[in-house]
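Hi everyone, thanks for coming. Let me put the structure up on the screen, and then we can walk through a few parts of it together.

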Amino acid sequence: YSPTLYSNMMTKISTIGLLPRCKHRPISFSMRNLYIGGIFVSISNPVEMAEQMIHEYYHQCLWPWWLVEPPRDLPDTNDSTVSPVSGEKRSTPTMIQALVIYKGLLDFYTYVIEGGYFADRENLSGAMRMRFNSIREGYDPLYKTLKKKLKGRPDTLDLVNCIVDI
């Protein structure tokens with residue numbers, strides 16, 4: 001999909017732990033700064049595994065960066081925001097990272113869908129379109145929610161605006 005993303009992932013991710021297949025949506029996680037370079041993804045189809053790896057890669061770039069040099073007015077991880085994509089309550093810093101992740105995933109799914117990959121596998125093709133639409137429909141509402149929450153936090157708001165402008 002992206003030689004640059006692949007190269008960057010190869011320098012940041014040193015360990016991938018495989019989790020059992022899930023009945024519903026795959027789950028993935030990293031341990032933020034407790035295990036830098038390690039991600040955990042559940043076994044699923046190639047597109048869902050790629051999404052999980054891209055998702056956790058971005059977290060593994062951002063959490064260590066913010067450990068060393070966070071925006072001066074970054075909200076505390078106790079401050080929460082509801083994701084318009086998943087409906088889950090997450091920390092506001094995590095949802096700021098979600099903007100980066102969703103932007104990358106929209107690009108990934110556009111590439112996969114427009115390229116016709118997996119078009120012969122109707123179930124996978126339909127699921128990819130649904131996931132793409134879910135992310136696309138939640139992206140702007142997340143941005144608007146974060147803009148409201150970050151009023152009075154100019155450094156973090158500048159970062160959020162920069163993410164959206166990329």
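Ser-28 stands opposite Val-41 in β3. That position belongs to the pairing of β2 with β3, which is antiparallel and runs over three bridges. For the cut-offs: two strands count as paired if DSSP finds at least two bridges between them, and helices (H or I, at least four residues) and strands (E, at least two) are DSSP runs, numbered from the N terminus.

Before I go on, a word on where this comes from: it is a predicted model, in which local features need pLDDT of at least 70 and side-chain atom pairs count only at pLDDT 80 or more, while totals for chains, interfaces and linings use all residues. Residues are numbered from 1 along each chain as its sequence is written, and side-chain values use heavy atoms, with hydrogens and water left out.

Back to the sheet. What is the strand order? This open sheet of three strands goes β1-β3-β2, with mixed pairing. Its edge strands, each pairing on one side only, are β1 (15–19) and β2 (28–30). On average, neighbouring strands here are turned by 20° against each other, direction ignored. For angles in this talk, axes are lines fitted to C-alpha atoms, for helices over the stretch in contact, and angles run from 0 to 180 degrees between N-to-C directions.

Buried means under 20% relative accessible area, exposed means over 50%, and partly exposed is in between, with a 1.4 Å probe and protein chains only. Both faces of β3 are covered: Gly-38, Phe-40 and Ser-42 are buried on one side, and Ile-39 and Val-41 on the other.

Now the loops. Pro-26 lies in the one between β1 and β2 and is buried, with a relative accessible area of 15%. Leaving out residues up to four places away in sequence, Pro-26 touches Ser-42, Ser-44, Glu-48 and Gln-52, where contact means heavy atoms within 4.5 Å. Arg-32 is in the loop between β2 and β3, and is partly exposed at 35% relative accessible area. If you like backbone torsions, look at its phi: for Arg-32 the value is near 50°, positive in a residue other than glycine.

Next, the helices. α2 lies across β1, β2 and β3, running at about 155° to β3. Helix α2 (residues 46–68) also packs with α3, at an angle of about 145° and with the axes 9 Å apart. Their crossing is right-handed; the rule is that a crossing is left-handed if the near helix is turned anticlockwise from the far one by less than a right angle, and right-handed if clockwise. Residues making this contact include Ile-54, Tyr-58 and Trp-63 of α2 and Val-100, Leu-105 and Phe-108 of α3. The residues of the contact divide into 15 nonpolar, five polar and one charged. In that scheme, Ala, Val, Leu, Ile, Met, Phe, Trp, Tyr, Cys and Pro are nonpolar, Asp, Glu, Lys and Arg are charged, and the others, Gly among them, are polar.

Last stop, the aromatics. Rings of Phe, Tyr and Trp (its six-membered ring) pair if their centres lie within 6.5 Å; planes under 30 degrees apart count as stacked, over 60 as edge-to-face and the rest as tilted. By this rule the count is eight aromatic pairs. One of them is Tyr-1 with Tyr-111, edge-to-face, at 5.2 Å centre to centre and 65° between the planes. Why does this pair tie together parts that are 110 residues apart in sequence? Because Tyr-1 lies in the segment before α1 (3–12), while Tyr-111 sits in helix α3 (residues 92–114). Tyr-1 is partly exposed at 37% relative accessibility, and Tyr-111 is partly exposed at 36%. Together with Phe-108 and Tyr-109, these two tyrosines form one aromatic cluster.
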